[in-house]
Amino acid sequence: MENEKFDIEIDGVINKAEMLKVITFEDQEYAIYAVDKGDETSDVLASRLVKNEDGTDTLVDLTDEERPKLTEIVQAMFQ
């Protein structure tokens, strides 16, 4: 799944994104991905991966509890 390119809607706008890594943390899978900002830079974001009945994955916003934990992991990955 890494390096897979996909479209993602953020704040009502469709953006290009690239999957960087899928990690498992506390029995949950999380996607770490880069969203193209259109100016040759990217934002690195994380979302929880949820498996749909048809076997596809959906990106779900992090909870307030998950956000600080994943922020720490992502920062450590890119230091």
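Predicted model: local features only at pLDDT ≥ 70, side-chain atom pairs only at ≥ 80, totals over all residues.

My entries follow, grouped by topic.

**Ground rules**

Residues are numbered from 1 along each chain as its sequence is written, and side-chain values use heavy atoms, with hydrogens and water left out.

**Strand pairing**

I started with the strands, using DSSP runs numbered from the N terminus (helices are H or I with at least four residues, strands are E with at least two). Two strands pair here if DSSP finds at least two bridges between them.

I looked up strand 1 against strand 2 and got an antiparallel pairing over six bridges. Phenylalanine 6 has alanine 17 in strand 2 as its bridge partner, and isoleucine 8 stands opposite asparagine 15 in strand 2. The hairpin of strand 1 and strand 2 has two residues between the strands, and aspartate 11 takes a positive phi near 55° there.

Next I checked strand 2 against strand 3: they run antiparallel and are joined by eight bridges. Lysine 21 sits opposite isoleucine 32 in strand 3. This pair of strands also forms a hairpin with two residues between them.

**Positive phi**

Which residue in the turn of the strand 2 and strand 3 hairpin has a positive phi? I found glutamate 26, at about 50°, although it is not a glycine. I also logged glutamate 40, another non-glycine, with a positive phi of about 70°. Glutamate 40 is in the loop between strand 3 and strand 4.

Glutamate 40 counts as exposed at 82%, and glutamate 26 counts as exposed at 53%.

**Nonpolar cores**

For cores I used sets of buried Ala, Val, Leu, Ile, Met, Phe, Trp, Tyr and Cys residues joined through side-chain atoms within 4.5 Å. The largest has eight residues: Phe6, Ile8, Ala17, Met19, Ala31, Tyr33, Val35 and Leu49. Strand 1, strand 2 and strand 3 are the elements that give two or more residues to this core, and strand 3 has the largest share with three. Apart from it I found another core of seven residues, including Ile23, Tyr30, Ala46 and Leu62.

Phe6 and Ala17, which I had already noted as bridge partners, are both in the largest core.

**Largest pocket**

My pocket search ran on a 1 Å grid over the protein atoms alone. A cavity is a set of points where a 1.4 Å probe fits but cannot get out, a pocket is an open set with protein on both sides within 12 Å along at least five of seven lines, and lining residues have an atom within 4 Å of a point. Grid points are joined across faces, edges and corners, and a volume is the space filled by probe spheres set on the points.

What volume does the largest pocket have? I get about 330 Å³. Its lining has 16 residues, and the closest to its centre are Tyr33, Leu45, Ala46, Ser47 and Leu62. Strand 1, strand 4, strand 5 and helix 1 each supply at least two lining residues. By class I count eleven nonpolar, two polar and three charged (Ala, Val, Leu, Ile, Met, Phe, Trp, Tyr, Cys and Pro are nonpolar, Asp, Glu, Lys and Arg charged, and the others, Gly among them, polar).

**Salt bridges**

How many salt bridges does a search of the whole structure find? I got eight, taking a side-chain nitrogen of Lys or Arg within 4 Å of a carboxyl oxygen of Asp or Glu.

One of them joins lysine 16 to aspartate 7, with the closest N and O atoms 3.0 Å apart. Lysine 16 is exposed at 54%, while aspartate 7 is partly exposed at 47%.

Glutamate 26 is back here, bridging to lysine 69 at 3.5 Å, N to O. Glutamate 26 lies in the loop between strand 2 and strand 3 and lysine 69 in helix 1, so the pair ties together parts that are 43 residues apart in sequence. Lysine 69 is partly exposed at 31%.

I also have glutamate 65 with lysine 69, closest N and O atoms 3.9 Å apart; glutamate 65 is exposed at 57%. Shared partners join Glu26, Glu65 and Lys69 into one network.

Key: Buried < 20%, exposed > 50% of the residue type's maximum accessible area, 1.4 Å probe, protein only.
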